[in-house]
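Have the sequence and the model side by side before reading on. The paragraphs below start with the ligand and its surroundings, then turn to the backbone.

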Amino acid sequence: MHYHRKPRWIIPEREVTPEACFLNRRTILAGMAGIGLSAALPRLASAATGFSPEPQMNPSFADAGRAVTEESINSTYNNFYEFGMSKSISRQAEALETDPWTVKIDGMVDTPMEIGMEDLLKRMPLEERIVRHRCVEAWSMVVPWIGFPLSELIGMAGPSSDAKYVRMETFKDPEIAPGQRQTWYPWPYVEGLTVEEAMNPLAFMVVGAYGKDLPKSMGAPMRLHLPWKFGFKSVKSVVRISFTDEQPSSFWEALQSSEYGFWANVNPKVPHPRWSQAEERVLGTGDQVPTQLFNGYAEEVASLYAGMDQDARTLWY
Ligand SMILES: Nc1nc2c(c(=O)[nH]1)N[C@H]1C(S)=C(S)[C@@H](COP(=O)(O)O)O[C@H]1N2
Ligand SMILES: [Mo]
């Protein structure tokens with residue numbers, strides 16, 4: 001998916017033949033005559049991503065303390081049950097049509113709306129940030145995301161003070177997603193968090209990775225990412241965001257609440273009922289490293305759970 005936030009006649013450098021490049025440049029120069037766009041030209045010519053303006057690195061998240069996982073691994077080793085139960089769903093996920101894409105924002109908000117991705121992105125401040133991701137299955141990755149803080153979307157939606165939770169829902173289309181023909185699963189995939197958690201600066205809406213549009217296998221065109229929680233909370237390919245006063249029932253919780261609870265905060269001390277969470281396998285390197293409390297983001301998020309029993313199983317599953 002390309003976000004046409006720069007004029008459509010500016011073709012990305014990587015897509016043009018030398019001739020087209022020449023013609024395109026002439027068109028630009030002609031179009032510029034007398035309208036004072038010359039200052040914009042060098043910036044557009046050097047743009048590296050499909051996003052405009054070019055997202056800048058958030059200095060607070062420029063270093064995840066671990067090497068970034070190779071793109072070829074992260075885009076082909078996935079959990080995306082809509083397209084199958086194996087990790088190798090990237091080819092199947094290509095069937096998802098992500099452009100155009102509309103997101104519905106509803107529930108307890110001042111301004112319910114349906115908004116296209118392009119319009120949404122015009123209103124959101126894009127940035128890049130490098131963060132760790134920890135799956136409940138005890139593997140982890142490091143990804144350079146492009147996206148915007150979830151708090152910005154909440155600011156746009158204006159939830160009422162009665163809204164306590166944000167619920168997010170993935171598309172449902174069994175014709176293109178074979179996993180959704182398995183009717184014993186509670187489709188569509190749903191996840192949720194408290195509004196307070198959603199306002200935390202770590203809660204991020206992802207629209208790109210590795211300086212490009214998000215691969216479909218990783219949840220294009222937009223997915224949530226909550227780096228302090230187990231990966232299943234980070235719902236992909238979101239079509240609906242609702243504000244509610246009832247704790248949402250999520251996909252995995254509905255299937256097996258004793259193993260996948262609402263909070264799902266990463267804690268090395270609390271084992272999953274069927275395996276330890278003390279360590280994790282780092283994708284790409286194969287290193288086995290100790291898992292950190294809140295996946296290493298305790299400084300940012302521990303205050304959200306102050307007053308709750310930190311070792312209560314319910315806080316982790
Ligand atoms: N819609 C949807 N979102 C999902 C999943 C899924 O199966 N369907 N899997 C989750 C799990 S368990 C993980 S670990 C991450 C994986 O993200 P990745 O494939 O980009 O690594 O996506 C999460 N979001
Ligand atoms: Mo996961």
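Helices and strands are named here as DSSP runs, counted from the N terminus, where a helix has at least four residues and a strand at least two. The model in view is a predicted one.

Start with the ligand. Which pocket holds ligand 1? Ligand 1 sits in the largest pocket. There are 18 residues around ligand 1, and those that come nearest are Asn 78, Tyr 81, Glu 82, Ser 234 and Lys 236. Sorted by kind, the shell around ligand 1 has nine nonpolar residues, six polar ones and three charged ones.

At Asn 79, a backbone N or O atom lies 3.2 Å from a nitrogen atom of ligand 1. At Thr 170, an N or O atom of the side chain is 3.0 Å from a nitrogen atom of ligand 1. At Ser 234, a polar backbone atom is 2.9 Å from a nitrogen atom of ligand 1. On its own, ligand 1 has 530 Å² of accessible area, and the protein covers 99% of this.

A database record can be set beside the model. In an unreviewed entry, UniProt lists Asn 78, Tyr 81, Glu 82, Cys 135, Thr 170, Arg 223, Ser 234, Val 235 and Lys 236 under "binding site". From this set, the lining of the largest pocket takes in Asn 78, Tyr 81, Glu 82, Cys 135, Thr 170, Arg 223, Ser 234, Val 235 and Lys 236.

Which side chains does the side chain of Lys 87 contact? One polar contact, at 2.8 Å, is with the side chain of Asn 79. Another, at 3.1 Å, is with the side chain of Glu 137.

The backbone itself is the last topic. Most residues other than glycine have a negative phi, and most peptide bonds are trans. Ala 138 has a positive phi of about 75°, although it is not a glycine. Its place is in the loop between β4 (127-134) and β5 (139-149).

Where are the cis peptide bonds to be found? One joins Ser 52 and Pro 53, with omega about 0°. Pro 53 belongs to the loop between α2 (40-46) and β1 (56-57). Another joins Ala 220 and Pro 221, with omega about -5°. Pro 221 is in the loop between β9 (212-213) and β10 (223-225).

Note on methods: Residues numbered from 1 in each chain as written. Chains lettered and ligands numbered in written order. Predicted model: local features only at pLDDT ≥ 70, side-chain atom pairs only at ≥ 80, totals over all residues. Heavy atoms only, no water. Near = heavy atom within 4 Å. Polar contact = N/O pair within 3.5 Å; in protein donor to acceptor, adjacent residues only side chain to side chain. Areas by Shrake-Rupley, 256 points an atom, 1.4 Å probe, with all protein chains shown as cover. 1 Å grid on protein atoms, 1.4 Å probe; cavity = no way out; pocket = protein on both sides within 12 Å on 5 of 7 lines; lining within 4 Å. Sits in = over half its atoms within 2 Å of the grid points. Nonpolar A, V, L, I, M, F, W, Y, C, P; charged D, E, K, R; others polar. UniProt positions renumbered as here; feature names shortened; annotations may be inferred.
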